[in-house]
Amino acid sequence: MQVTMIVNGDEVTREIEGRLLLVHFLRDVLSLTGTHWGCDTSNCGTCVVWLDGEPVKSCTVLAAMAGGHEVRTVEGLAVDGKLDPVQEGFIQCHGLQCGFCTPGMLMTARALLDRNPDPSEGEIREAISGQICRCTGYATIVRSVRWAAVNAAPEVTS
Amino acid sequence: MTDTRQRSFEDNDQKPMGFGRMLRKEDPRFVRGRGRYTDDVQLPGMLHLAILRSPFAHARIVSVDTSAAAALPEVKAVITGADLAGLGLAWMPTLSGDVQAVLATDKVRFQGQEVAFVVATDRYVARDALELIDVEYDVLDPVIDVRQALAEGAPLIRDDLDGKTDNHCFDWETGDAGATAAVFAKADVVVSQDLVYPRVHPAPMETCGSVADFDPVEGRLKLWSTTQAPHAHRTLYAMVAGIPEHKIQVISPDLGGGFGNKVPIYPGYVCSIVGSIVTGKPVKWMEDRSENLISTGFARDYIMRGEIAATRDGKILAIRTNVLADHGAFNGTAAPVKYPAGFFGVFTGSYDIEAAYCSMTAVYTNKAPGGVAYACSFRITEAVYLVERIVDCLAYELDMDPAALRLKNFIQPDQFPYMSKTGWEYDSGDYEPTMRLAMELAGYDELRKEQAEKRTRGELMGIGISFFTEAVGAGPRKHMDILGLGMADGCELRVHPTGKAVVRLSVQTQGQGHETTFAQIIAEEIGIAPADIDVVHGDTDNTPFGLGTYGSRSTPVSGAAAALVARKVRDKARLIASSMLEVSVADLEWEKGSFHVKGDPGTAVTIQDIAMRAHGAGDLPEGLEGGLEAQICYNPSNLTYPHGAYICVVDVDPGTAVVKVRRFIAVDDCGTRINPMIIEGQVHGGLTDGVGMALMEMISFDEDGNCLGASLMDYLIPTALEVPDWETGFTVTPSPHHPIGAKGVGESATVGSPPAIVNAVVDALKPYGVRHADMPLTPSRVWDAMRGTAQPPI
């Protein structure tokens with residue numbers, strides 16, 4: 001079947017099988033390999049992308065279901081080469097080590113801050129509770145998201 | 001020896017040169033989704049491989065029919081154990097000198113074992129084809145309970161081994177049995193406790209996988225794979241696959257965590273190589289999470305009896321232990337050859353005692369191979385758990401404060417280097433200030449008051465302590481090798497004409513920040529800014545030989561190599577500087593980044609000036625070659641012995657038995673600190689491992705041998721909601737034998753935290769008369785402990 005969707009602002013059309021998962025469509029078909037695949041039971045959240053502005057686990061969405069919709073991945077987070085504050089926050093606060101959970105964490109963090117520009121530590125922990133990180137022990141991820149909240153770019157907070 | 005003062009650089013943000021907090025060079029690519037992990041590799045014509053796995057724990061293979069799978073047009077190859085046997089590849093050596101089946105030929109020995117594989121045009125079709133392979137099994141009784149493995153009439157697992165008649169794997173002992181028995185006989189108090197360290201799994205977020213690209217014309221194999229030890233893997237492939245070593249290039253790209261899971265060679269890697277040879281195309285294998293949990297290297301699975309002897313006033317005299325170790329169906333333990341139980345011998349911990357003895361029996365069961373993984377430092381997790389639980393049991397028996405008991409028995413600073421009763425020479429330590437700092441950060445006395453007050457109201461609060469000594473940096477090649485490869489590490493440093501540099505390592509980061517910290521070591525030694533130093537690692541064609549990253553050995557071994565190779569380059573730079581400044585080398589003084597004439601700081605040449613001269617047209621001192629580079633292979637004289645004091649505060653809900661970790665204070669001492677930010681991150685991650693192991697994680701089996709923890713639905717890993725905001729501190733006791741005084745630290749928190757958490761929970765349950773409870777302390781296990789009905793985990 002043919003599917004058309006907007007990925008990071010660009011329209012893409014591809015011939016796919018109906019059973020193809022969105023995570024594999026992004027990674028294998030479009031070579032957007034920032035989105036990762038860490039489990040097979042929808043627990044780990046390394047595959048989180050946005051579908052029409054909502055964070056979703058792309059291992060639990062068929063590529064066909066994204067047809068006609070807008071998808072945004074970690075590759076679409078920086079604008080004109082300028083890092084999003086959440087990306088900068090993760091660097092400043094050492095919110096990543098191996099980097100495997102990072103793309104999903106960043107997409108969730110951006111979505112949280114768009115909705116709640118000043119989240120508490122508890123709200124951040126809850127927002128990322130559908131995602132597993134094996135390296136950081138989470139505290140520096142919480143600090144990273146707080147850094148992004150405090151250092152938000154003007155266009156984000158306005 | 002100890003310097004507990006904060007060194008000034010600790011607070012310096014972005015110190016430009018050398019040690020101190022520095023943001024990571026790795027991060028810019030990872031936050032943009034531009035890391036390059038194994039499954040990101042896409043090559044022209046690449047095929048995909050999927051593995052058929054055994055549904056049974058123990059069964060004879062009667063027949064395998066692959067005809068329906070092979071008939072699919074997208075399927076390019078279907079390979080069985082019989083096919084591999086024809087190539088002499090059905091079995092491969094393990095890192096501990098046993099053999100492991102690549103694909104089962106005679107029978108399967110654990111659920112999830114590799115039986116056949118398919119190579120197809122895409123990963124979906126490869127999985128479809130697995131469904132079409134028809135295997136007939138003759139199911140056998142499995143051995144699941146390790147306590148029954150040596151019972152008379154137990155099913156024989158390893159009938160592939162000549163003359164094997166039982167499930168015995170090996171015996172091992174250390175210490176002095178007679179001397180220890182004599183001390184026990186004269187002791188006022190003897191406490192004994194059975195302890196289980198359950199089977200868990202390192203479960204890195206990225207699973208294991210590989211891309212094999214065999215070029216039949218050149219006879220060259222290029223293999224991207226998730227390996228923590230690319231050079232050792234290359235050598236093993238050369239020995240097993242018969243491809244000459246200079247024709248094998250192993251590339252370990254960015255790894256999405258390793259945690260010991262990516263040290264062994266797995267059948268999947270070998271299958272991808274065979275798949276590429278057979279099809280003439282690149283072949284990718286990427287396992288899914290369930291395959292990772294069910295078949296790759298597990299951790300722990302030690303059943304221990306701990307005994308401790310002491311005087312009535314709390315002087316510890318001796319420790320004795322007997323261990324039953326479950327190694328699964330093949331002994332795949334990744335440990336130095338002469339250390340089948342790893343470094344479990346450090347079970348005497350941080351205490352100065354008169355005698356110690358350990359006897360151990362390891363057995364085969366119908367489970368996946370492994371044992372050494374998950375930040376264990378070669379079984380030190382088990383050793384520290386044993387000693388720190390049994391010391392708490394003694395405190396309970398003597399009705400003594402567990403902090404006071406530890407303080408009374410520490411090895412004293414003037415006793416270092418300290419030879420333990422099991423033969424380990426601890427390099428340095430000053431334990432009391434570390435313990436006192438943790439107690440101060442925790443507000444220990446106030447916590448005990450709060451606890452006493454809460455107990456009057458029926459609230460369950462527990463305070464748990466763990467004080468550990470690690471042993472990391474394997475190791476001296478005289479004693480330590482893996483399959484004959486000495487545990488040394490190489491390092492190469494080249495300074496380019498314009499004064500920029502590249503350093504090549506034999507170790508392989510999996511997130512620990514080597515690309516940043518090794519640049520800092522070089523910067524500290526030679527005065528080139530870290531931003532101007534590229535760190536190359538993971539590609540066997542482009543890096544010097546060495547044993548890889550595990551056992552927290554990178555800083556102790558490779559870090560030493562980096563410092564020494566930089567000094568070697570600096571020595572040559574000094575000769576060039578002396579000719580440039582026309583003074584003797586004795587008249588030169590080194591100030592980070594430049595040489596100047598003694599007493600005349602204005603007459604100087606920078607390392608950049610020297611680099612240009614080294615490659616340039618001017619004269620060099622007689623006998624000196626051009627260029628500015630060096631290489632080294634560092635053989636450590638001893639391990640490094642970092643230590644730490646951990647205090648955990650838990651609240652237990654008496655109505656639901658749910659444990660909440662309210663606070664966790666971790667004070668670590670790893671000697672000289674290269675990058676405090678990165679150390680803190682390593683500690684946070686390890687403490688989270690500890691919460692997982694102590695409260696949530698376990699790989700268990702039913703009586704038929706079905707693995708019950710083979711997905712993230714059942715194998716529970718802490719999320720942000722299960723862990724507190726960590727509180728950390730540090731002291732600095734440098735390693736005297738290490739070139740920069742640095743010790744390893746990456747595994748300290750995983751090693752040190754589980755006993756602190758268990759000690760805290762047992763302390764919380766004191767009003768119920770609970771003296772011990774085995775991990776994982778899930779609500780149901782705590783509930784049973786409160787009611788005296790707890791059973792050890794199987």
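In the classification of lining residues, Ala, Val, Leu, Ile, Met, Phe, Trp, Tyr, Cys and Pro count as nonpolar, Asp, Glu, Lys and Arg as charged, and the others, Gly among them, as polar. On that basis, the lining of the largest cavity in this predicted model comprises 24 polar, 18 nonpolar and six charged residues. The largest nonpolar core contains 227 residues.

**Cavities**

- Eleven cavities of 30 Å³ or more are found in a search of the whole structure.
- The largest cavity has a volume of about 670 Å³.
- Its lining consists of 48 residues, of which B:Q512, B:S552, B:Q682, B:G746 and B:E747 are the closest to the centre.
- Three helices of chain B, α13 (514–526), α14 (554–581) and α16 (676–695), each give two or more residues to this lining.
- Helix α16(B) supplies the largest share of the lining, six residues.

**Nonpolar cores**

- Within the largest core, B:F344 and B:L695 have the most contacts.
- Helix α9 (residues 380–398) of chain B provides the largest share of this core, twelve residues.
- Another core, of 43 residues, lies apart from the largest one and includes B:I521, B:V557, B:V565 and B:A630.

**Surroundings of B:F344**

- Leaving aside residues up to four places away in sequence, B:F344 touches B:W172, B:Y302, B:M304, B:T321, B:V323, B:C358, B:M360, B:F378, B:R379, B:E382, B:A383 and B:L386.

How values were computed
Residues are numbered from 1 along each chain as its sequence is written. Chains are lettered from A and ligands numbered from 1 in the order in which they are written. This is a predicted model: local features need pLDDT of at least 70, side-chain atom pairs count only at pLDDT 80 or more; totals for chains, interfaces and linings use all residues. Side-chain values use heavy atoms; hydrogens and water are left out. A nonpolar core is a set of buried Ala, Val, Leu, Ile, Met, Phe, Trp, Tyr and Cys residues joined through side-chain atoms within 4.5 Å. Buried means under 20% relative accessible area, exposed over 50%, partly exposed in between (1.4 Å probe, protein chains only). Helices (H or I, at least four residues) and strands (E, at least two) are DSSP runs, numbered from the N terminus. Contact means heavy atoms within 4.5 Å. On a 1 Å grid over the protein atoms alone, a cavity is a set of points where a 1.4 Å probe fits but cannot get out, and a pocket is an open set with protein on both sides within 12 Å along at least five of seven lines; lining residues have an atom within 4 Å of a point. Grid points are joined across faces, edges and corners, and a volume is the space filled by probe spheres set on the points.
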